[in-house]
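Reader: I am new to charged side chains and would like to learn how they pair in a protein. Could you take me through an example with care?

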Amino acid sequence: MTSVPTVLSIALDETSDPVLRPLPGEVARLLDEVGAPPRLVAHLRAVHDVADRIVDWVGRHCPALAVDREAVLFGAATHDIGKTLHPGELSGPGDRHERAGRELLLAHGVRPDAARFAGTHASWGAPGVAVEDLLVSLADKVWKNKRVADLEDLVVAELSRAGGRPVWQEFLDLDAFLTGLGEGADLRLAWQAAHPVQG
């Protein structure tokens, strides 16, 4: 008899196909506390893993670009937490989870600067969006090999500004990196789909 995966096991247990970095322990406990659906936990883990890879690449590729690594990883690990309150948005469109997620995080003692990602992950073109917000948004797209030109252009501009390299060169380098990341999308999508929408 196979056991039903728990929020904590989905968030923290070792995976092999694909290999995914575990969610931070405090995030796993929060997702368990709020009763996050299994598919949401799987999605957050996949996006968190991709965000980790993106931040590592940015650090190697453009060390002059100051990025708050922990903020990006926390944002990726919690960006869709509002779908706990709006589970229909796990399998269909909707943006009610964005405000709800920010409010849920604040209600659980998360600082506003960390809770913001729940509200900014789909609005990368808004004024005042920081590079960390852009990287969370990028991870939320490329984990499933979705490419969004205007979002990528904003990331390219940040890389070019910080590193002083031409925009076209940054575009080519980012494109090559994201293409490589996209090659693992089918495994990530299959892993997420193996977890039920409802607990």
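Reader: Is glutamate 152 buried or exposed?

Author: This is a predicted model in which local features need pLDDT of at least 70 and side-chain atom pairs count only at pLDDT 80 or more, while totals for chains, interfaces and linings use all residues. Residues are numbered from 1 along each chain as its sequence is written, and side-chain values use heavy atoms, with hydrogens and water left out. A residue is called buried under 20% relative accessible area, exposed over 50% and partly exposed in between, with a 1.4 Å probe and protein chains only. Since glutamate 152 has a relative accessible area of 7%, this residue is buried.

Reader: Which residue forms a salt bridge with glutamate 152?

Author: A salt bridge here is a side-chain nitrogen of Lys or Arg within 4 Å of a carboxyl oxygen of Asp or Glu. The closest N and O atoms of the pair are 2.6 Å apart, and the partner of glutamate 152 is arginine 147.

Reader: How far apart are the closest N and O atoms of arginine 96 and glutamate 89?

Author: Arginine 96 counts as exposed at 55% relative accessibility, whereas glutamate 89 is buried at 7%. These two residues form a salt bridge, and their closest N and O atoms are apart by 3.6 Å.
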